[in-house]
Amino acid sequence: MGLVSGLVVYILLWWWVFLMTLPFGVEVPDAIETGHATSAPAKPMLWRKAAITSVIAGILFMIVYWVIVSEIIVLDTA
């Protein structure tokens, strides 16, 4: 796996995990201000979710990298 393809795999894994972590820990405020959506979270904790996502995506990337390097799954048919 080259540098560019590895970076693409990590970015795809990061976004996949980030979008899955967004709903966790979301609490809707009791008093909704005028102009705000009724489903808008009071404290979205995006920095915490981004940090957790980076760790999980790194672990998943190591697994994917190991599978590709050890040739458990080979995509070349030629």
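## The chain as a whole

Welcome to a predicted model. The secondary structure of the protein chain comes to 2 helices and 0 strands. Its C-alpha trace spans about 60 × 20 × 20 Å along the principal axes. The radius of gyration is 18 Å, whereas a compact globule of 78 residues would have a value near 12 Å.

Of the 78 residues in the chain, 14% are buried. The chain exposes about 6,400 Å², and carbon and sulfur atoms supply 72% of that area. Among contacts with a separation of 6 or more, 67% come from residues 24 or more positions apart.

## A look at helix H1

Helix H1 covers residues 3–21.

The buried residues of H1 are Gly6, Leu13, Trp14, Val17, Phe18 and Thr21. Viewed down the helix axis, these buried residues fall within an arc of 130°, which means that they line one face of H1. Helix H2 (46–69) is part of what covers the buried residues of H1. Turn to the face pointing away from the buried side and you will find the exposed residues Val4, Leu12 and Leu19.

## Aromatic rings between the helices

A pair of aromatic rings is described by how far apart the centres are and by the angle of the planes. In this model the count comes to 5 aromatic pairs. One of them joins Tyr10 and Phe61, edge-to-face, at 6.3 Å centre to centre with 85° between the planes. This pair links distant parts of the chain, since Tyr10 sits in helix H1 and Phe61 in helix H2, 51 residues apart.

Together with Phe61 and Tyr65, Tyr10 forms one aromatic cluster.

## An aromatic pair within H1

Trp15 and Phe18 lie 3 residues apart in helix H1, so about one helical turn separates them. Their ring centres are 5.7 Å apart and their planes stand at 85°; this angle is over 60 degrees, so the pair is edge-to-face.

Note on methods: Residues numbered from 1 in each chain as written. Predicted model: local features only at pLDDT ≥ 70, side-chain atom pairs only at ≥ 80, totals over all residues. Heavy atoms only, no water. Helix = DSSP H or I, 4+ residues; strand = E, 2+ residues; numbered from the N terminus. Expected span 1.5 Å × (residues − 1). Buried < 20%, exposed > 50% of the residue type's maximum accessible area, 1.4 Å probe, protein only. Arc of directions from axis to C-beta. Contact = heavy atoms within 4.5 Å. Rg over C-alpha atoms; globule rule 2.2 N^0.38 Å. Areas by Shrake-Rupley, 256 points an atom, 1.4 Å probe, with all protein chains shown as cover. Phe/Tyr/Trp six-rings, centres within 6.5 Å; stacked < 30°, edge-to-face > 60°.
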